Structure formats: structure tokens, C-alpha cells
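This briefing concerns the structure displayed below.

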Amino acid sequence: MADLITPDLIDLDLDAADRHQATRSLAERLQAAGRVTDLDGFLADVRAREAQMPTGIEGGIGIPHARSAHVTQPTLGFGRSATGVDFGAEDGPAHLIFLIAAPEGGGAEHMTILASLARRLVHASFREALRQAPDPQTVVDLVNKEVLGQ
Amino acid sequence: MRIVAVTSCPTGIAHTYMAAEALEQAAQAAGHEIKVETQGAAGAEALPPADVAAADAVVFAADVEVRNRERFAGKPLVQASVKRAINDAPSLIAEAEAAARSAPAPQAAATTPVPTTKVEQGGGWGTKLRGWLMTGVSYMIPFVAAGGILIALGFMFGGAEVATKVNGGTFGGVEYPGVTDLSELLAQAGWAGVLFKIGATAFSMLVPILAGFIAFGMADRPGIVPGIVAGLLANEIGAGFLGGLVGGLLAGAIVLAIRRVRVPRGVAGIMPVVVIPLLSTLVVGALMLVVLGQPIAAATEGLTNWLDGLSGANAILLGVLLGLMMAFDMGGPVNKVAYTFGVAAVASGNLEVMAAVMVAGMTPPLGLALATVVRPRLFTSAEREAGEAAWLLGASFITEGAIPFAAADPVRVIPSLMVGSAVAAGMSMAFGNTLRAPHGGIFVVGLIGRPVLYLLALLAGMLVTTACVIVAKSIGRAAPAKVEPAAATG
């Protein structure tokens with residue numbers, strides 16, 4: 001299986017006015033990498049999820065995500081915003097944004113990887129390391145090490 | 001403290017797992033044991049029922065309906081959104097602690113398989129075994145109640161001979177052919193016969209349900225098929241509820257063993273649907289039929305011959321023996337031998353043996369029913385409900401009313417029942433009571449010789465049963481009862 005995340009899926013200087021822009025910006029990277037086949041279809045799926053319950057959580061994290069038929073493989077897009085983007089968390093805007101894309105009907109193996117990614121996101125040390133990461137490759141290495149154990 | 005939790009969210013790829021991780025960290029930081037079931041897209045690995053049974057509190061962190069939430073009925077429960085678990089898991093854990101502490105007693109649960117005691121604080125085999133047995137018992141109790149009460153109603157409306165009318169045989173010297181074609185049931189045996197037949201059918205499921213849900217308690221859903229088949233076969237080979245209990249435990253163990261085998265991915269897909277049910281049923285069925293069937297048949301024959309040889313012996317001694325046998329397995333092979341011996345004695349003109357056999361079969365449910373009233377704290381709420389039905393069942397000579405208690409705690413309950421039945425049957429023989437009906441309990445009191453003395457024997461046996469059960473259940477409980485409050489705070 002190809003990597004969950006690659007350097008071209010990472011934007012360490014994400015510039016977005018709101019969560020839709022932030023999500024679209026990251027989703028475009030996924031599309032460019034061939035991991036999302038239909039950008040608008042995928043964004044509609046993400047918005048549908050976001051509408052049920054905002055995905056922002058305390059500590060400055062936003063996790064827009066969806067299981068979508070327009071996704072080819074489990075993928076993580078990562079954006080870091082200096083100004084912050086509101087994802088509906090009560091304690092303020094999100095500075096770390098994780099766009100999780102899961103293929104519709106993906107096998108249990110795919111889902112297990114995303115599950116362990118989600119579990120890592122709770123750890124303060126993991127978040128802090130992402131905040132400090134100097135370049136995209138560091139982020140990729142971090143995710144591979146923490147989530148896949150590689 | 002032991003906590004179980006379920007997390008779930010709409011998509012099932014992110015928050016479900018984040019909440020699980022946050023809860024696990026917070027619980028461990030607070031020094032608790034926690035098991036989390038993530039109902040997400042990666043497939044939910046169900047919490048083992050034994051862990052649910054042993055849990056002091058339950059946490060739901062869920063934005064969508066928790067699946068199979070009835071598993072947790074009666075447990076102290078804290079519910080929150082999945083986000084709250086991620087943002088503030090420690091406060092949820094603290095709430096769970098508070099809920100566990102303010103919960104009445106673990107017995108308060110309604111129909112859940114909750115262990116009554118926490119003798120093994122470490123969650124050893126004793127706790128697990130008890131959790132499994134209670135799972136089976138809690139599903140069996142409605143069958144005992146519904147079936148037993150229907151049978152008793154049949155006796156009430158149709159006289160005790162209704163059972164003989166339906167099944168055939170001799171009652172009070174009258175020969176009945178029995179109903180062979182069920183479409184003739186109403187015409188031949190009346191509505192009382194219909195009540196009896198429905199009740200008897202519900203009763204025929206006692207052992208299969210007990211075995212099936214013991215296996216369910218151990219191995220979850222895949223345990224049901226081999227467990228129920230093991231119970232049906234226990235019926236067939238006349239192994240009674242003890243046979244079903246063993247069969248259920250075997251079925252659960254076999255499923256668990258098969259699951260441990262690593263299989264190629266191509267086979268993994270058909271494991272739960274085809275391979276596990278097929279293999280586990282085959283193995284447990286063969287064990288029941290081939291390994292268990294023959295010894296039981298041999299033992300039955302040996303016991304019968306031995307009893308026949310005792311016919312001329314001291315009457316009171318014979319009564320005590322029959323009493324011990326009647327209460328040993330309540331419908332199982334030993335009980336059957338004693339009962340059949342009583343019925344055969346009636347046919348040969350000895351009416352005293354039947355009277356002793358019947359009184360010995362009435363005291364177990366009655367004594368237990370009284371015990372649940374006198375010392376309700378010693379019983380789970382499921383058992384207390386079974387106790388309410390047990391009054392009528394005992395009075396109707398439906399010994400099966402005692403099975404839920406015996407299956408849940410065989411080591412303490414069965415010997416207690418045996419002592420009480422031995423006293424009752426010995427007294428009945430000493431008083432020279434007679435009975436010419438093969439069943440009916442209190443409804444055939446008119447057919448009993450010296451009925452007042454007979455009732456005295458019944459009362460004495462019942463009181464002895466109650467006393468023995470209370471003493472036996474108190475052993476090994478006094479200490480943990482004191483430990484309990486301390487454990488709740490830690």
C-alpha cells in the first residue's frame with residue numbers, strides 16, 4: 001500500500017479564511033496526487049460530515065474527514081495555519097488541520113490505519129512535534145513513525 | 001475500578017478512535033482498568049461479555065446510537081458526546097467513578113448477567129465462570145417462568161391428570177393413551193391440555209437456552225449455535241441441566257479455540273458464517289453424543305439396578321436416598337432414576353415411594369423461593385424474579401424451578417437442595433404417606449395418605465433447604481462484602 005501521507009500533501013503555511021477554504025485547499029493537493037478523483041464530490045462528502053457535528057476539537061485541531069466514493073486510497077492531508085481556521089471547537093480556531101480521506105467501502109486494513117492515526121492525534125507530544133516540524137518531510141517521517149511504526 | 005466504554009461517531013474513522021485513546025489514557029492515569037469498544041469503520045471488536053459483567057461502570061462516548069446497548073443494562077452509566085471524551089476524558093472518568101460509587105449494589109441490574117459476588121477482585125477464573133453461567137441463567141429464567149406457570153395452570157384447570165392425558169401413562173389407576181396427534185389435543189385434553197403442552201414445550205428449551213447462552217457469554221454470537229445444539233443433545237441423551245451446563249462451557253471453549261487459529265485471508269471471510277459454526281457444532285456434538293452419552297446411559301442403568309436392590313431396605317433410608325437423588329440434578333439422569341423408581345413402585349402397589357419422591361421434588365424451588373424472600377441480598381435480581389415463580393413451580397412439583405439457582409451457583413446450591421429434599425423424603429417415608437399420582441404437587445393433596453403429616457414433611461424440607469442455602473451462600477461472601485466499599489473508592 002502506498003504511503004498515508006507524502007510531502008506534496010502537506011501545506012505548512014496554509015492560508016485560508018474559513019474551514020471550507022482550508023479543506024478545499026488541502027483537497028486540491030489530494031486531487032493533484034490522484035488520491036481524490038472528483039474534487040467537488042469529495043468536498044460535498046466532507047461538508048456533509050462537517051454539518052452533522054463540527055470536527056474541531058480542543059487544542060487547536062480540525063479534522064475534516066469523510067468516507068467517500070471519490071477517494072482511491074486512505075490518505076491524510078495536513079495543513080498548518082499560523083492565523084488559525086475556525087473548525088467549531090469551543091476553545092478557538094484550529095492551527096493543525098488534518099484532512100482524512102477514506103475510500104467508501106474500504107477494507108478493514110485501511111480503516112485500521114486511519115484508526116491508529118486518529119488515536120495518535122490525541123497525544124499532546126504528537127501534536128507538539130507537528131507544530132514544530134520544520135519541513136514537510138519531517139511531518140511525513142513523524143506520521144510514518146507514530147502511526148505505522150516505520 | 002473496572003470500566004468498559006463504547007465510542008462511536010457518524011463517520012467512524014476519526015473521533016471514535018480519538019475518544020477511545022483519550023478515555024484509555026485518562027483511565028490509566030487515574031489507576032483504573034478500562035476496555036473500549038470502538039464502533040467505527042474498522043469493525044467493532046465486541047467487548048467480551050465477561051468484561052462487561054465485571055465492569056463497575058460504563059461510559060458511552062457516542063454521537064450515534066450505541067449498538068447492542070442492552071448488554072450494559074443496569075450498569076452505572078455515564079453518557080457524553082464523543083467530543084467531550086476527546087476534549088475532557090478525565091472528567092468523564094471521574095463521573096464514571098462517582099456513578100459506580102453511588103450505584104446501589106451490583107445486584108441491582110435487571111436482566112444482565114451480573115456476577116453477584118466479587119470474590120475474585122482480580123477477575124480470575126471464578127469471576128469469569130460465574131459471569132458465563134449467569135449469562136445462560138438470565139436467558140433461561142423466562143423460559144422457566146413461562147413454561148412452569150403454564151404447566152401449573154394446566155394442573156389448576158384440568159387436574160393433575162392433564163399431564164398423563166397429554167403424554168400417556170397411568171394416573172391414579174386410570175390408563176390414558178396420550179395425545180399422539182396434536183390436532184386432537186384440544187378435543188382429548190381440553191384447554192388445560194393445551195396449557196400443559198405449551199408449557200412443556202417451553203420447558204424443553206430450558207437446557208438448550210442455558211447451554212446456548214453460556215456459550216454466548218464466553219464466545220459471543222458464534223457460541224450460540226454449538227451451545228444450543230449441545231443443549232438439545234443434552235436433552236436427547238438425558239444429561240439434564242448439568243449436561244447442558246457442561247455442553248455450553250465446552251461449546252464456548254471450542255469456539256474460542258477455533259478463533260485462535262490463524263487462517264489465510266481467503267478463508268477468514270467465511271470463518272464466522274461457515275467454518276466456526278460448522279466445526280464447533282461438530283466437535284461439541286460429537287463430544288456430547290460419543291463421549292458423554294454412553295457413560296450417562298450406563299450410570300442410569302447402574303443406579304436403577306442399585307435402587308431396585310434396595311427395595312427391601314429400611315424405608316426411611318430409602319426415602320433419604322431418593323431425596324438426595326431427586327435434588328441432585330433436577331430433571332437430569334439421577335433425578336429421572338429416582339422419579340422412575342417412584343412411578344414404577346406405584347404400578348407394583350407401593351404408594352409410599354411416590355409420595356417421598358414428590359415431596360423431595362417440591363422442596364428445592366420452595367426452599368429457594370423462601371430464601372430469596374428471607375435474604376434477598378444473597379441473590380441477583382434475576383434470581384429474585386425466578387424466586388417469585390418458584391413458589392408456584394415448587395407447589396406444583398415442578399422441580400425445574402430450582403434450576404436457575406443451581407446452574408448459577410451449583411457448588412453451593414445443589415448440596416443444600418439435596419439436604420432439604422432428603423429430610424422431606426425421609427420424613428414422608430417415616431410418616432407412611434402414600435400417593436397414587438405421578439405428579440401434581442399441591443393439586444393432588446386429596447390423593448395423599450395422611451395429608452397433614454405430608455405437609456409437615458414438606459414444610460420441614462423447605463425450611464431445611466432455605467437454611468442450608470442461606471448458610472452456603474454466606475460462606476465466602478462475608479469477607480468481600482466488607483472489602484466492597486473500599487474497592488469502590490480505589
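The buried residues of H9(B) pack against helix H8 (206-219), helix H10 (240-260) and helix H12 (271-309) of chain B. Helices (H or I, at least four residues) and strands (E, at least two) are DSSP runs, numbered from the N terminus. This is a predicted model, in which local features need pLDDT of at least 70, side-chain atom pairs count only at pLDDT 80 or more, and totals for chains, interfaces and linings use all residues. Residues are numbered from 1 along each chain as its sequence is written, with chains lettered from A and ligands numbered from 1 in the order in which they are written.

**Helix H9(B)**
- H9(B) is largely enclosed by the rest of the structure, because 10 of its 13 residues are buried (20 or more other C-beta atoms within 10 Å of the residue's own; exposed means 12 or fewer, partly exposed in between; C-beta atoms are placed from the backbone).
- Among the buried residues are Ile224(B), Pro226(B), Gly231(B) and Leu233(B).
- Just after H9(B), Gly238(B) has a positive phi of about 70°.

**Thr434(B)**
- Thr434(B) belongs to strand E7 (residues 434-435) of chain B and counts as partly exposed, with 19 C-beta neighbours inside 10 Å.
- Leaving aside residues up to four places away in sequence, Thr434(B) touches Leu351(B), Glu352(B), Ala355(B), Ile448(B) and Gly449(B) (contact: C-beta atoms, placed from the backbone, within 7 Å).
- A distance of 8.1 Å separates the C-alpha atoms of Thr434(B) and Leu447(B), which are 13 residues apart along the chain.

**Contact between chains A and B**
- Chain B supplies 18 residues to the contact and chain A supplies 20 residues.
- On the side of chain B that touches chain A, H1(B) gives the most, with five residues.

Conventions: Two residues are in contact if their C-beta atoms, placed from the backbone, lie within 7 Å.
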